[in-house]
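Visitor: Hi, I'm new to this one. Can you walk me through it?

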Amino acid sequence: MKKKIVLFAGMMLLAMSLPAMAHFQMIYTPEAALNKGGKIPLALVFTHPFEAGHTMDMGKPEQFFVVRSRGENTPKKTDLLPTLKPVIWTSLTNSGAAWETGYTARGGDHTFCLIPDPYWEEGDGFFIKQNTKVIINVGGEPGAWMEPVGLPTEIVPLCKPYDRWTGNVFQGQVLFNGKPVPGAEIEIEYMNHKPLLDKKAFAKEAAAKAPQDSFVLQTIFADVNGVFTFGIPKQGWWGFAALDLDPDYTHKGKKCSRDAVMWIKAVDMK
Amino acid sequence: MIRFNTRFISTGLLGLSLCFSSAVYAHTPLCSCYDNGDNTITCEGGFSDGSSASGVEMRVEDKSGKQLLKGKMNEDSEFSFDKPSVPYKVIFDGGEGHAVENDGDEIVE
């Protein structure tokens, strides 16, 4: 019994000494607000973005599609799954299986949606499945950015997600099966190392330095309506991950954390 | 009281008409054209507030301003036409202060 306690205490210490880092499914493209249409690159990487740390192997996604909406036109969905090509993405500490593709964007909103294959997290003993969304715009004509796409877990923006200046707030609503999730826990990370698409790697240089581990992974909670608010302190991409929105969800007989991730890009006022 | 009401209503009307006229300028007309790669061009129009451009007049002119063809934005706020054989420009004519010109030289796939 004593041995067990010592072992447990040791494990706790080990767990506590590990830096606070969160898994974030990325859908990366360099710009969220483009002036002109054309072909844009997309990379799907499952990583720890603040530290550009351990990058997890992604399986073949269940779904990857884009919904294009422009003005009052009916949104149109296009399947991008067949266009995905497997790549190896290099982090600062390892490399992992990722995906990339290209997409030709004309005017309006383009909402990219990814439903990944669940990832087995050995350290935690459960699967992680982060349904992820990124909204970009071409030319400034808005579409249906404020409407839910209908993902099982989803963050719906309450502010136009591609028009945020640095210092603005971002507000979103966390949904599970279309219904708000009161008090949802949301982790936030900054994309601190620029993804280099040509090298399929993160840049070594960090844009910001965390004075302490708490700042690497910020945590906030949604209110009773599932709404959260975040003041954006720095330009660049920010990821929001609402965690474990379906606590009873399992995959292959094991616990699976069903999360909703969304990325937004803020721009400096110059 | 009646006089007050009349004044109140006319002030209200003035205010409303001001609102309407300023609303017209509160959004920016937008129009982008793309070469479809099959000798046709598609222009997509709209406004920065997301409102439809359906019915907006579209003109294609040569560089001297001579009209080559004319049409209207369809219900999806799109206008497609055969690519002219001469240098051209496309004008989205949303009324005074709401025109957008696209130079054919800059229209790519």
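Guide: Let's take the chain make-up, the contact between chains, and then some single residues.

Visitor: What kind of model is it?

Guide: This is a predicted model.

Visitor: OK. How many helices and strands does chain A have?

Guide: Chain A has 1 helix and 21 strands.

Visitor: How compact is chain A for its length?

Guide: Its radius of gyration is 18 Å. The globule rule gives 18 Å for 270 residues, so chain A is as compact as a globular protein of that length. Along the principal axes, its C-alpha trace spans about 65 × 40 × 40 Å.

Visitor: And how much of chain A is buried?

Guide: Of its 270 residues, 50% count as buried.

Visitor: Is A:Thr101 buried or exposed?

Guide: A:Thr101 counts as buried, at 11% relative accessibility.

Visitor: What is A:Thr101 in contact with, beyond its sequence neighbours?

Guide: Leaving aside neighbours within four places, its contacts include A:Ile40, A:Pro41, A:Leu42 and A:Phe64. A:Thr83 and A:Leu84 are also among them. With A:Thr83 there is a polar contact, side chain to side chain, at 2.8 Å. A:Leu44 is 57 residues away from A:Thr101 in sequence, yet their C-alpha atoms are 8.7 Å apart.

Visitor: Switching topic. How many residues does each chain bring to the contact between B and A?

Guide: Chain B gives 19 residues and chain A gives 15 residues. Together the two chains bury about 1200 Å². Of that area, 37% is on carbon and sulfur atoms.

Visitor: Which residues of chain B lose the most area there?

Guide: B:Tyr34, B:Glu44 and B:Gly50. Together they make up 39% of what the chain B side buries.

Visitor: How many polar contacts and salt bridges cross over?

Guide: There are 9 residue pairs in polar contact across the interface. The salt bridge count between the two chains is 2.

Visitor: Which elements of chain B are on that side?

Guide: Strand 1 (29-35) and strand 2 (40-47) of chain B each give two or more residues. Strand 2 gives the largest share, 5 residues. By class, that side of chain B has 3 nonpolar, 9 polar and 7 charged residues.

Visitor: Back to salt bridges. What does B:Glu44 pair with?

Guide: B:Glu44 forms one with A:Arg68, with the closest N and O atoms 2.8 Å apart. B:Glu44 also meets A:Arg70 in a salt bridge, at 3.8 Å from N to O.

Visitor: Where do A:Arg70 and B:Glu44 lie?

Guide: A:Arg70 lies in the loop between strand 4 (63-69) and strand 5 (76-79) of chain A. B:Glu44 lies in strand 2 of chain B, so the pair joins two chains. Both residues are buried.

Visitor: Why would such side chains pair at all?

Guide: Side chains of opposite charge can pair when their charged atoms come close.

Visitor: How many salt bridges are there over all chains?

Guide: A search of the whole structure finds 17. One of them joins B:Lys89 and B:Glu101, at 4.0 Å from N to O. B:Lys89 is in strand 6 (residues 88-93) and B:Glu101 is in strand 7 of chain B, so the pair ties together parts 12 residues apart in sequence.

Visitor: Are those two buried or exposed?

Guide: B:Lys89 counts as buried, at 16% relative accessibility. B:Glu101 counts as exposed, at 53%.

Visitor: Last topic. Which non-glycine residues have a positive phi?

Guide: Among them are A:Lys252, at about 50°, and B:Asn39, at about 65°.

Visitor: Where are they?

Guide: A:Lys252 is in the loop between strand 20 (250-251) and strand 21 (254-266) of chain A. B:Asn39 is in the loop between strand 1 and strand 2 of chain B.

Visitor: Buried or exposed?

Guide: A:Lys252 is exposed, with a relative accessible area of 71%. B:Asn39 is exposed too, with 56%.

Methods
Residues are numbered from 1 along each chain as its sequence is written. Chains are lettered from A and ligands numbered from 1 in the order in which they are written. This is a predicted model: local features need pLDDT of at least 70, side-chain atom pairs count only at pLDDT 80 or more; totals for chains, interfaces and linings use all residues. Side-chain values use heavy atoms; hydrogens and water are left out. Contact means heavy atoms within 4.5 Å. Buried area is the accessible area (1.4 Å probe) that two parts lose on being put together, summed over both. A salt bridge is a side-chain nitrogen of Lys or Arg within 4 Å of a carboxyl oxygen of Asp or Glu. A polar contact is a pair of N or O atoms within 3.5 Å; within protein, one must be able to donate a hydrogen and the other to accept it, and residues adjacent in sequence count only if both atoms are side-chain atoms. Helices (H or I, at least four residues) and strands (E, at least two) are DSSP runs, numbered from the N terminus. Ala, Val, Leu, Ile, Met, Phe, Trp, Tyr, Cys and Pro count as nonpolar, Asp, Glu, Lys and Arg as charged, and the others, Gly among them, as polar. The radius of gyration is taken over C-alpha atoms; the globule rule is 2.2 Å times the number of residues to the power 0.38. Buried means under 20% relative accessible area, exposed over 50%, partly exposed in between (1.4 Å probe, protein chains only).
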